[in-house]
Amino acid sequence: MNVVWSMMIFALVSSASPGPVNMVALSSGVSFGWRACVPHVTGATLGFTVLLLATGYGLYEVLNYWPMLQALLRFSGIIFLLWMAWRLGRDNGEISRARPLRAPGAFNGAMMQWLNPKAWLACAAGMGLYARDGDPATIWLFAAIYFAICYLSILSWALAGASLSDYLQRPSRIRMLNRTLAVLLAGCAGWLLFD
């Protein structure tokens, strides 16, 4: 039972800590409300869980075997984070009602996880800690625990954003939030680049 608690704590710390997916959930919660974020939250959670299972079943070993593929994935993730930071940083904070607005969908959430260096690190570290022997029962137990905690963590960020939406009615406040998130995303990319 101790290993289950350990898995839960690991999943909570890595899922609830700030990262690209959580920042998008926060920003989307502000702009669209938490209910509109459910597809993104679901897609991000499913995408992460599939990545976790793939890592548990040997994808990480393939990446270790081909370091160039690992480097390509790492730099693709860094470029993706910088692109998201650029988009957030240049947003003017105005919410145009002239065009239909949509929160990021399930596919966007899933793809974000596969391009998210934080997700890859969490998968590799988690499977290295709990399922390095490749036992399918352990891999699936860890994935099930992670799924539930990851879903609730990302949803919490969307709920936090939705609760801030009244405060952020002014474009200047939305610009401030978006630019703060952009700096944090760029910081994540910089940390990964020089790590």
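The structure is a predicted model, in which local features require a pLDDT of at least 70 and side-chain atom pairs count only at pLDDT 80 or more, whereas totals for chains, interfaces and linings use all residues. Residues are numbered from 1 along each chain as its sequence is written, and side-chain values rest on heavy atoms, with hydrogens and water left out.

The protein chain contains eight helices and zero strands, where helices (H or I, at least four residues) and strands (E, at least two) are DSSP runs numbered from the N terminus. Read from the N terminus, the order of elements is accordingly α-α-α-α-α-α-α-α. Of the 195 residues, 43% count as buried, a term that denotes under 20% relative accessible area, with exposed standing for over 50% and partly exposed for values in between (1.4 Å probe, protein chains only). The accessible surface amounts to about 10,600 Å², and carbon and sulfur atoms contribute 68% of this area; the areas come from the Shrake-Rupley method with a 1.4 Å probe, and for residues only the protein chains shown count as cover. Among contacts (heavy atoms within 4.5 Å) with a separation of 6 or more, 88% are between residues 24 or more positions apart.

Eight aromatic pairs are present in the structure; rings of Phe, Tyr and Trp (its six-membered ring) pair if their centres lie within 6.5 Å, with planes under 30 degrees apart counted as stacked, over 60 as edge-to-face and the rest as tilted. One of them joins Phe 10 and Tyr 146, whose ring centres are 6.3 Å apart and whose planes meet at 80°, so that the pair is classed as edge-to-face. This pair links distant parts of the chain, since Phe 10 belongs to helix α1 (residues 2-16) and Tyr 146 to helix α7, 136 residues apart. Phe 10 is buried at a relative accessible area of 19%, and Tyr 146 is buried at 1%. Tyr 146 also forms a tilted pair with Phe 48, at 4.6 Å centre to centre and 40° between the planes. Because Phe 48 lies in helix α3 (residues 38-65) and Tyr 146 in helix α7, this pair ties together parts that are 98 residues apart in sequence. Phe 48 is itself buried, with 4% relative accessibility. Phe 10, Phe 48, Tyr 130, Phe 142 and Tyr 146 together make up one aromatic cluster.

Ala 11, placed in helix α1, is buried with a relative accessible area of 0%. When residues up to four places away in sequence are not counted, Ala 11 touches Tyr 146 and Ile 149. The C-alpha atoms of Ala 11 and Phe 142 are separated by 8.8 Å, although the two residues are 131 residues apart along the chain.

Thr 138 is located in helix α7 (residues 136-164) and counts as buried at 19% relative accessibility. With residues up to four places away in sequence set aside, Thr 138 touches Met 7, Tyr 130 and Ala 131.

The count of disulfides (cysteine sulfur atoms paired within 2.5 Å) is zero. Cys 150 is in no disulfide, the nearest cysteine sulfur being that of Cys 123 at 9.1 Å. Cys 150 is buried with a relative accessible area of 3%, and Cys 37 is buried with 1%.
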